[in-house]
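I am opening a notebook page on this structure. The entries below follow the order in which I looked things up.

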Amino acid sequence: MRKERELVSREMDRLRSSIQTVCRSALPLGKIMDYIQEDMDSMQNELQTWRRENQEHAQALLQEQRVTDAAVEPLKAELSELEQLIRDQQDKICAAKSNILRNEEKIQKMLSSINFSSRT
């Protein structure tokens with residue numbers, strides 16, 4: 001009977017110690033749980049703020065892109081015209097070089113025929 005009482009007493013001490021440990025752990029856990037909802041609300045608000053700011057910046061970027069495109073469009077047209085003028089000039093240069101080469105051939109033939117006639 002004495003052993004049973006000691007066994008029960010030890011078991012009660014362990015149980016008491018476990019309950020105290022649970023109580024000590026539960027209080028900070030309860031406080032943390034109280035703050036979790038506040039933290040979640042705060043994070044949700046911050047997320048909404050960042051999303052709103054992101055959307056505003058995306059709209060501003062889109063507007064700037066439109067302005068830039070409008071400003072660049074005439075320059076693109078002018079560039080296209082200038083490139084066409086360059087191609088036209090290059091064609092004229094090629095035609096002139098071709099004429100020069102043909103004229104040089106004619107001159108060489110004339111000179112050859114003059115030299116040939118003078119020898120005979």
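Entry one, salt bridges. I found aspartate 13 in a salt bridge with arginine 16, with the closest N and O atoms 2.8 Å apart. I count a salt bridge when a side-chain nitrogen of Lys or Arg is within 4 Å of a carboxyl oxygen of Asp or Glu. The model is predicted: local features need pLDDT of at least 70 and side-chain atom pairs pLDDT 80 or more, while totals for chains, interfaces and linings use all residues. Residues are numbered from 1 along each chain as its sequence is written, and side-chain values use heavy atoms, without hydrogens and water.

Why can these two side chains be paired along the helix? Aspartate 13 and arginine 16 are three residues apart in helix H1, so about one helical turn separates them. Helices here are DSSP runs (H or I, at least four residues; strands are E, at least two), numbered from the N terminus.

Aspartate 13 is partly exposed at 39% relative accessible area, and arginine 16 is partly exposed at 45%. Partly exposed lies between buried (under 20%) and exposed (over 50%), with a 1.4 Å probe and protein chains only.

Entry two, the other pair. Arginine 14 and glutamate 11 form a salt bridge at 3.0 Å, N to O. They too are three residues apart in helix H1, about one helical turn. The count comes to two salt bridges.
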